[in-house]
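New page in the notebook.

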Amino acid sequence: MLCPKCQTEVSPDSVFCPKCGSQLSDAAAAPAATPAQQLRASRGTAADDDPEQPLWHGSYSFKAMYGYWLLAAVVTVIAIVVCFVMPEPTTWLAAGTIAAVLWIAFGGYLLYERLSVEYSLTSQRFVHQRGILRRVTNRIEVIDIDDVTVEQGFIERMVGVGTIKLLSSDTTDPKLYLRGIDDVKRVAMLIDDARRDERRKRGMYIETV
């Protein structure tokens, strides 16, 4: 073949002209893409065709405290009964203090949980934030989630709240507990469906490489 610039005879597999240094072929100069590069390219194309979609956003639910409120109410009733049985100032003071401390403690716990945790689920990742003064945000790719488990107590089953346990290959949080989640079964199903869908997509892309 001839160099298009200086018309010097060069080898067909040459990339540059040995005389003038001109590039002979753009295709020959570009190295062949590796399987990993092809996979990344396919993922990039898929990301354009299938953008990340928000699926759920939540935090610790008020309903998760129903069992605590019931306990506080029972203790308060017992304290009132004791005060009527033993109508002494010290009895009233002790009973009132116990009931007040219990209600304040449970209210403070609810406020702390509401302010310290926040969860977001998209079609590609699960994001959880923790802390009040110091906020820590971690992202788990849904494809890395290996198992989704729901745990509920007796009262939790009645009001539809519970704890979701996520097992994943994420090094920061391989075992994550999401406590006090409202409509817990639906949320767990959303996470599991997102995980399965993402794995099916990635499996299809790998097969095409």
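**Elements.** I started with the secondary structure, keeping in mind that this is a predicted model. I find six helices and seven strands in the protein. Reading from the N terminus, I get the order α-α-β-α-α-β-β-β-β-α-β-β-α.

**Whole protein.** I looked up burial next: of the 209 residues, 32% are buried. The accessible surface came out at about 13,100 Å², and carbon and sulfur atoms account for 61% of that surface. Then I checked contacts between residues at least 6 apart in sequence, and 48% of them join residues at least 24 apart.

How do β2 and β3 run relative to each other, parallel or antiparallel? They are antiparallel, with five bridges joining β2 (residues 117-122) to β3 (residues 125-130). I noted L121 standing opposite F126 in β3. The link from β2 to β3 is a hairpin of two residues.

I followed β3 onward. It also pairs with β4 (residues 136-141), again in the antiparallel sense, over six bridges. Here R130 stands opposite V136 in β4. This hairpin has five residues between its strands, and in the turn I spotted G131 with a positive phi of about 105 degrees.

**Aromatic pairs.** To describe a pair of aromatic rings, I need the distance of the centres and the angle of the planes. I count eight aromatic pairs. One of them is Y68 with Y109, a tilted pair at 6.1 Å centre to centre with 45 degrees between the planes. Which parts does this pair tie together? Y68 lies in helix α3 (residues 66-85) and Y109 in helix α4 (residues 89-116), so the pair links parts 41 residues apart in sequence.

F84 counts as exposed, with 61% relative accessibility, whereas W92 is partly exposed at 43%.

Definitions and conventions
Residues are numbered from 1 along each chain as its sequence is written. This is a predicted model: local features need pLDDT of at least 70, side-chain atom pairs count only at pLDDT 80 or more; totals for chains, interfaces and linings use all residues. Side-chain values use heavy atoms; hydrogens and water are left out. Helices (H or I, at least four residues) and strands (E, at least two) are DSSP runs, numbered from the N terminus. Buried means under 20% relative accessible area, exposed over 50%, partly exposed in between (1.4 Å probe, protein chains only). Contact means heavy atoms within 4.5 Å. Accessible areas come from the Shrake-Rupley method with a 1.4 Å probe; for residues, only the protein chains shown count as cover. Two strands pair if DSSP finds at least two bridges between them. Rings of Phe, Tyr and Trp (its six-membered ring) pair if their centres lie within 6.5 Å; planes under 30 degrees apart count as stacked, over 60 as edge-to-face and the rest as tilted.
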